[in-house]
Amino acid sequence: MITPAFAVVGHPNKGKSSLVATLAQDDSVRISTLPGTTVEARTFPMKVDGEVLYTLIDTPGFQRAHKTLSWMKKHETDIHKRADVVRQFVETFKDTDQFFDECQLLSPILAGAGILYVVDGSKPYGSEFEAEMEILRWTGQPCMALINMIGEADYSEQWQKALSQFFQIVRVFNAVNAKFEKHIELLRAFGQLNEQWRQPLEKAVNFIHKDREDRAEQSARLIAETISESINLTMTKKLSEDDNEEKYKPELKHDYFQELIAKEQRCRKTIEKIYHYHNIDRTEANFKLLDDHLFSEQTWSIFGLSQQELIMTGLAGGAAMGAVVDVAVGGTSLLLGAGIGALIGGVSALISYDKLASFDILGMPLGGHALQIGPMKNRNFPYVLLGRALFHHQLIENRTHAMRDGLNIEDDEGRTGASRISPELRKNFETCFSKFRKNDADADEIETLTKLIVECMRG
Amino acid sequence: MPATRSKSLLEDLLKIENQLKTDASTSYELLQQRDRKIGIELKHLKNNPINQLRAWLSLTDEAEISHQTIGRSNFFISSCLVIFGLITGTSTGLALFFYTGQQPINVINVLAVGVGLQLILLLTFFLSTTFNSQWLQNLLASFNAGRWAARLAYILPSLKSSLDKFFNRRHSIADQKIVKWQTIYWSQQFAVAFNLALLLSCLYLVTFTDLAFGWSTTLDFDNSFVKSITDVLSLPWQAVFPAAVPDLNLIESTRFYRFNTISMNNENDTLTQAQLAGNWWRFLLLSLLVYGLIPRLLTLILAKLRLNSSIKASIMSLPGLHLLLDRMNNPAVATLAETPEVAAAAMQTSAEPTITALTNRQVFLLHWGQPAFDQNQIEQYISNATGAQLSGFELIAATNTDSIPAASNLPVLNQQTALAIIVKGWEPPTLELTDWLTELRTHYGPQQLIAVVAYDTDANQQIRTAGKTEVDTWHDFLKRQKLFDIVMHGVRE
């Protein structure tokens, strides 16, 4: 199977590296408003179990396009030998500084790479670019132009008209803000450049799709594990006979909350790793929102459920559990199970709204006593954690690796946290959480919670 | 040196747990690479995650993490319990079958210890494994031989820390079950050793000494009652070993009272009675086997199975475990660059662009590239932005067919006329421009005022002043190219 390669070329500062960062999902690519950030050509092979399915090549921008074209025109003998002239040009100048950037960007094309010519569609078209396009045309390689919309103004129509005279395919693609589906569309479009590239690219697209689903599921499982561990978290301090437990309570409480915060942060960090984010700018507004303390009032009001929502969820969750009893007795209970369950769920939600973890004295497996804090009693706590985790995941999943600014991910009604979850789904969450609270959950419950979270992520 | 897979599932649980903790600080890409490589090698175990994980453990390249201390603790506790069980079992056997020739061995005592007590202990085993009430568990745990031995091991400093780690692992429900089943398993080891020693000591004494058995009780039991009890007890073997079921004659003739031993009137009677008194041994041995040793072997096996299943459940509940399985069993998709990026030179913005250089001067405009607006608009803008009086306008490198004119072909300027290079602020400077600016400077000499003026376009496609970023970029470019005497004329926002 042929392995296609694509050289991303263009004038300096038109978003070539942004495109590569987005498609290669690599946030280590330097992206800057300064020209000349990309110094050398750099390859990004897309590999599945070591097998390369395609390669992207980030290149520096044209620096001396007019002079390059002048040289080539001077050495042109026959129109069908233009590619040879380009080759001759690279051979002549590859070891010099004079046309270093042109040699860097032309070499992979001469080695068989397809051309992805990137322009900024938010700035007016200029005919001086035609020197670059002409050079690329001389290589004779399949080529596609991508109109990258960097700024606010829209000159894409101008560009479209000009580019279509030089390129087989012209597409508009916002390298920084494009959704995942757009990446896939673009990869498929690369296949239109050469029939032989279609199959490996289609294979790559399928793997990228699957990989994306796997990442979402892995993140959901991590969130489920974190919620389960956080609800059940207990901390103990072994007491000797003459110890006064009051002395240890403040320290134990502090450690307990710190551990909960640390658990949440570990979960976030791992999710970022799963999506290959290593350099997220934490000063973005949305990330700052998440930086707010897990137990701050603002966090709970933004990401948790309101008291009313919590009571309604408690009622629904309790009713669902009570209904199991009704079904078990073949309906002879006249829905008393559901009724009592709802009542217990609602009242518990009301009582535990402001209640966090409490202290207990318990016996140790090998004798003696210990002061224990936890597990977490508050019914809103898992929703706060869930709301924050879903928000964070959405930030990560919807960003591109070229993005250097924040995202707006509020829904139409301006909600961000657990309040976005539908009441029906919330009921199922409540059933899960109540099992965790009773310390009655096993790996199967984590699986159920994972599925619910995936459902939330999807929708 | 790869970590070796231990025989103990518990040790592997701790090793896997530790390895996952170590992995948490390793780059995801490296983990994916390592685990997928191992995953392909262990493809055949994909549907058996526990075995796959244990094999993975033996193939990870990380330094070996020693958890042998828990194995040592386990061995110490088990050994103590087995030895203690053997000693107490033998002692009990010798005590129960102690025969001086003065009075027969009381079958009731043997049955009380070998059957009655065993059944009571089996009941507690059943209660502790069936009901999860904390109160009941605490109560039963205080009778648990495993717990005593663990407390004994706790005294040894070398085992204390591993036992601490083990008993304080409380990540999941499975972890709590591990502690429960581990202590039960230990106690069953003791029970098996005890019953085995009891049975063997009984067998030894029966084989090598001449024992006489009888039965005696203060309670008002008649022979038929005792017969019905022995019949019930013999049910498991009566079809296979009918000789090991005591008959009424044996029961009647071997009853003895405190003041009388078994009556023996003549020599024949003595022989017959002695034979009869020895006949209990089959029944007693089988009772000890069926109600003592066999149930304990079964509970030992059950405890081991439940312990292993709890450990397996605990392994499967380890945080990050499913990520590991995914990394092993899903194709590794990699899209990142293979080499690190070469860093570009940092921006230098040492000096502020001037805004007064062109004011009230005669200025000749040279536009670099194709203008984004018509000439009049650009001239108007430059005039307003710089306060200059314009004296001419020429395009440079506006199309691909244009070759860049040599500086010598440009108009001759007098000393009062400045040269302004008009650039589109959003188009970053190129080396081609550098070449040309250098040529200009050479051609016009150091006295000629040469300025670069950048403009921009707004969202409504109208000409406007270049933004700070663009002006800085151009300014930096001039500095970097050492064109210090070319002035950047910019109006910052």
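Helices and strands are DSSP runs, numbered from the N terminus. By that scheme, Asn13(A) is found in the loop between β1 and α1 (16–24) of chain A. The model described here is predicted.

Two residues of chain A stand out by their backbone angles. Asn13(A) has a phi near 65°, a positive value in a residue other than glycine. Asn13(A) counts as buried, because 22 C-beta neighbours lie inside 10 Å and the cut-off is 20 or more. Gln25(A) is found in the loop between α1 and β2 of chain A. Its phi is also positive, at about 50°, although Gln25(A) is not a glycine. Gln25(A) is buried too, with 24 other C-beta atoms within 10 Å.

The secondary structure of chain A comprises 16 helices and 9 strands. The chain has 459 residues, of which 46% count as buried. Among its contacts between residues at least 6 apart in sequence, 72% join residues at least 24 apart. Chain B has 17 helices and 9 strands. Here, 39% of the 493 residues are buried. For chain B, 82% of the contacts between residues at least 6 apart in sequence join residues at least 24 apart.

Strands of a sheet pair through backbone hydrogen bonds, either parallel or antiparallel.

Both senses occur here. β4(A) and β5(A) run parallel and are joined by 6 bridges. Within this pair, Tyr117(A) has Ala145(A) of β5(A) as its bridge partner. Strand β2 (residues 42–48) of chain A runs antiparallel to strand β3 (residues 51–58) of chain A, with 7 bridges between them. There, Lys47(A) has Val52(A) of β3(A) as its bridge partner. The pairing of β2(A) with β3(B) is also antiparallel, over 2 bridges.

Strand β5(A) is largely enclosed by the rest of the structure, because 6 of its 6 residues are buried. In a regular strand the side chains alternate between the two faces of the sheet. Cys143(A), Ala145(A) and Ile147(A) point one way from β5(A). Met144(A), Leu146(A) and Asn148(A) point the other way. All of these residues are buried.

The crossing of α8(A) past α16(A) is right-handed. On the α8(A) side, the contact is made by Ala216(A), Glu217(A), Ala220(A), Arg221(A), Ile223(A), Ala224(A), Glu225(A), Ile227(A) and Ser228(A). On the α16(A) side are Ile446(A), Leu449(A), Thr450(A), Ile453(A), Val454(A) and Met457(A). By class, the residues of this contact divide into 10 nonpolar, 2 polar and 3 charged.

Between the chains, 56 residues of chain B are in contact with 60 residues of chain A. On the chain B side, the elements that give two or more residues include α2 (28–41), α7 (145–154), α9 (173–208), α13 (280–316) and β3 of chain B. α7(B) gives the most to this side, with 4 residues. The side of chain B that touches chain A has 30 nonpolar, 17 polar and 9 charged residues.

One further residue of chain B is Pro49(B), which lies in helix α3 (residues 49–59) of chain B. Pro49(B) is partly exposed, with 19 other C-beta atoms within 10 Å. Leaving aside its neighbours within four places in sequence, Pro49(B) is in contact with Met316(B) and Leu325(B). Pro49(B) and Asp23(B) are 26 residues apart in sequence and 19 Å apart in space, C-alpha to C-alpha.

How values were computed. Residues numbered from 1 in each chain as written. Chains lettered and ligands numbered in written order. Predicted model: local features only at pLDDT ≥ 70, side-chain atom pairs only at ≥ 80, totals over all residues. Pairing = 2+ DSSP bridges. Buried ≥ 20, exposed ≤ 12 C-beta atoms within 10 Å, placed from the backbone. Contact = placed C-beta atoms within 7 Å. Left-handed = near helix turned anticlockwise from the far one by under 90°. Nonpolar A, V, L, I, M, F, W, Y, C, P; charged D, E, K, R; others polar.
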